[in-house]
Amino acid sequence: MLKKILRFIRNYYLFVIALVALIISLILQFNHHALVAHWILSIVSIIEVIPLLWGMWDDLQTGHYGIDILAATAIVTAVIMKQYWAAIVIVIMLTGGEALEDYAENRAKTELNALLSKAPKQAHVVNKQQIIDVPISQVKVGDRLMIKPGELVPVDATIIEGSASFDESSLTGESLPQAKDVGDHILSGSINLDGAITVKALHVAADSQYEQIIKLVRAAAGSQAPFVRLADRYSVPFTVIAFIIAIGAWALSGQSIRFLEVLVVATPCPLILAAPIAVISGMSRAAKHGIIIKTGGALERLAEAETIAFDKTGTLTEGKLVVDTVKTFGSYRKDEVLALAAALEQNSTHILASAIVEAATKKKIKIPKAKHVQEESGRGLLSIVGGRQALVGRQAFLKDHDISFPTKRQDYEVKNTATFVAVDGMLAGIISFKDELRPESKRTLKALRSLGINHILMVTGDNQSTAQVIAKQLGISEVTAEALPSDKLRAIEEVKERPVAFVGDGVNDAPVLTASDIGIALGARGETAASESADMVIIVDDVSRVVRALSIAKRTFSVARQSILVGIALSIILMFIFSTGHFPPLYGAIIQEGVDIIVIFNALRAHMDGKDSATASIT
């Protein structure tokens, strides 16, 4: 807290005071009151160096080395050597540079703050043909809501009447309007562009997508970027080099002014400003693409990652089972088996039941009516269809009801998830299912490899055969299947000799998302445990955003490192030039201000989208 107060004072009040002192002193100097001008400059310079020294002492108390020692030494030395104009320019340079950093930080956080300012406030609840406006905190799951054109969607919901286009740009980064119809889900915080609709609330406001994003944004905005550590790696050698050149110039020439002339161009603003500006810019750029990064440290670790592990279900695949094959027995046809199964399963809410009904509907198969449906939870259903007894469910469920199976076991054995169908005591068919690949999965892995990620593995709780099928399609050679959360942790620990990222979406992924160097959660499906455990959250249902996150991380730290090294190189060149004694300290202070501006604007390039083939291939 003390550091924040001191920084605020230095960045604004002291900058203004120093600037006013400079202007007044210039006026006095031109009016032949040089002595008064020099007194003002020296007093203001000494006063303004006090917070700098206090901040350095606070850094030392917490175990951090204060690189500002160069600036403080230069200011004090300038006053002692009566170089008052140089002293005040250094003060202005230091306080003004950090004020510019604050401006850059505020500019880089534009996308994050925009989310907070647009939070939905109220909802139109439809109650017995009446529309009542209520605060969104009072909306309950299942409430019918009216959303008018131009309004924000208050909570996550499903459209039950009407259709409209929605602007989801602040949530997903998708600039094009998204058309939604009856049955489609809409996210809180998106904007209804062109049609009045009626929806059913899926979540209360606190559990809706927009509120989850706001929580993540606040966590990200409130975290300090630890990447300043990169500057610390250079600060000690840079300070040593600066003092060696300064003392050497003084010793060789016998002129103490050479010491000041070198230190004036060695003030460490490039090191102080470059990394934080680049990191905040990179985090803001990621948010623009629907990726919330909680800390600068996570961005740094992702940039250094060499291994990425993926969960399968819901991450590399759709996470939604569909009918794969229908195997028939006796005289039954495939459509007949599917129709019988759908007749019973349309009475169930099980995920396999939904897949069967959807498959029959897509094939435009007429579904017969089932009577007297009985369900054994998690095992199967029993009913009468067309005067015949029909059973649908697990193999064990059918055997418990004395269904006759083929004599050869291999005739009815299946490796994938399957539902068995029987009619009048005989096995009629077997419906197997598959979890389809996401359309972007292959492109995502190809793009990751082009960015230097050559070690990609799959860690999944699914069975071995299913996992191997998906892995083969994606070209993944290393697979850990049938893994419990503890098994996933062990799989990650085995490859932790190099920085490893894990990408997952479910509650069972929460432990491994926490344990990996970088946990990346696909948070679009509302798995709060996964999102809270992860270092970064992709708030759209698109695994290819992992490529975007990696590309942003690499570019951000390339820009940050480049900015620091450019600043150091320019400063060292200037140190040698000014050690010759041909230029007064005031000139050095002015030139160093230009170096700071170059470094700051170079670091701001991290906020811009870079052009690379990897991200281009997935957009």
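User: Is Glu440 buried or exposed?
Analyst: Glu440 counts as buried, at 8% relative accessibility. Buried means under 20% relative accessible area, exposed is over 50%, and partly exposed is in between (1.4 Å probe, protein chains only). Keep in mind that this is a predicted model: local features need pLDDT of at least 70, side-chain atom pairs count only at pLDDT 80 or more, and totals for chains, interfaces and linings use all residues. Residues are numbered from 1 along each chain as its sequence is written, and side-chain values use heavy atoms, with hydrogens and water left out.

User: OK, which side chain meets Glu440 in a salt bridge?
Analyst: That's Arg438, at 3.4 Å, N to O. A salt bridge here is a side-chain nitrogen of Lys or Arg within 4 Å of a carboxyl oxygen of Asp or Glu. Arg438 is buried too, at 4% relative accessibility.

User: Which residues are in that network?
Analyst: Arg438, Glu440 and Asp541 are linked by salt bridges.

User: How many salt bridges does the structure hold?
Analyst: Eleven. One of them joins the side chains of Arg388 and Glu336, at 4.0 Å, N to O. That pair links distant parts of the chain, 52 residues apart: Arg388 is in strand S15 (residues 388–393) and Glu336 in helix H12 (residues 334–345). Helices (H or I, at least four residues) and strands (E, at least two) are DSSP runs, numbered from the N terminus.

User: Are those two buried or partly exposed?
Analyst: Partly exposed: Arg388 has a relative accessible area of 28%, and Glu336 has 24%.

User: What about Lys362, which partner does it have?
Analyst: Lys362 meets Glu358 in a salt bridge of 3.4 Å, N to O. The two are four residues apart in helix H13 (residues 351–362), so about one helical turn separates them. Lys362 counts as exposed at 65% relative accessibility, while Glu358 is partly exposed at 27%.

User: Switching to the sheet. What's the strand order in the open sheet of six?
Analyst: The order is S12-S17-S16-S15-S14-S13, with antiparallel pairing. Two strands pair if DSSP finds at least two bridges between them.

User: Which strands stand at the edges?
Analyst: S12 (317–328) and S13 (370–376). Each has a single partner strand, so one side of each is left without a neighbour in the sheet.

User: And how many bridges do S13 and S14 pair over?
Analyst: Five, in the antiparallel sense, with S14 covering residues 380–385. Glu376 stands opposite Gly380 in S14.

User: Now helix H15. Which of its residues are buried?
Analyst: In H15 (residues 441–450), they are Ser441, Thr444, Leu445, Ala447 and Leu448. They cover an arc of only 160° around the axis, which puts them on the same side of H15. The arc is that of the directions from the helix axis to the C-beta atoms.

User: What comes just after H15?
Analyst: Gly452 does, with a positive phi of about 100°.

User: Last one: which residues make the nonpolar surface patch?
Analyst: Ile573, Ile577, Phe583, Tyr587 and Ile591 make it, and the patch is about 450 Å². Helix H20 (545–578) and helix H21 (585–603) each supply at least two of its residues. Phe583 lies in the loop between H20 and H21, and counts as partly exposed at 33% relative accessibility. Patches are made of residues with over 30% relative accessible area and no salt bridge: like charges are joined within 9 Å, nonpolar side chains (Val, Leu, Ile, Met, Phe, Trp, Tyr) within 5 Å. Accessible areas come from the Shrake-Rupley method with a 1.4 Å probe; for residues, only the protein chains shown count as cover.
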